[in-house]
Amino acid sequence: RYTPEGGAIEARVTVERGSERFEARAVVLSGAERDRIYAIQGVNFPQFAEYQEKTERTIPVVQLVREG
């Protein structure tokens, strides 16, 4: 469950990328780190930046951290 006010929330996930499969931790980013990553995403995919401008809510950014 994600709540914007709740800070970083973590979950264990399985990532499948092509034929590769691995375990990871999904971490919801917040603050300056969330803003920095979302800005990079907005440069590479302008529709993300446009969507953020059209909404009042903060769109979550999730980092997948490989484990093992």
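Is Asp 35 buried, partly exposed or exposed, and what is its relative accessibility? At 44% relative accessibility, Asp 35 counts as partly exposed, where buried means under 20% relative accessible area, exposed over 50% and partly exposed in between (1.4 Å probe, protein chains only). The model shown is predicted, so that local features need pLDDT of at least 70 and side-chain atom pairs count only at pLDDT 80 or more, while totals for chains, interfaces and linings use all residues. Residues are numbered from 1 along each chain as its sequence is written, and side-chain values use heavy atoms, with hydrogens and water left out.

**View A. Salt bridge between Asp 35 and Arg 34.** The closest N and O atoms of this pair are 3.2 Å apart, a salt bridge being a side-chain nitrogen of Lys or Arg within 4 Å of a carboxyl oxygen of Asp or Glu. Arg 34, at 8% relative accessibility, counts as buried, whereas Asp 35 is partly exposed.

**View B. Salt bridge between Arg 66 and Glu 20.** The two side chains meet at 2.9 Å, N to O. The pair links distant parts of the chain, 46 residues apart, with Arg 66 in strand β3 (residues 62-66) and Glu 20 in strand β2 (residues 20-28); strands (E, at least two residues) are DSSP runs, numbered from the N terminus. Arg 66 has 48% relative accessibility and Glu 20 a relative accessible area of 31%, so both count as partly exposed.

**View C. Salt bridge between Glu 16 and Arg 21.** The side chains meet at 3.1 Å, N to O, and both Glu 16 and Arg 21 are exposed.

**View D. Network of salt bridges.** Arg 12, Arg 25 and Glu 67 are linked in this network, and a search of the whole structure finds 6 salt bridges.

Terms used:
Helices (H or I, at least four residues) and strands (E, at least two) are DSSP runs, numbered from the N terminus.
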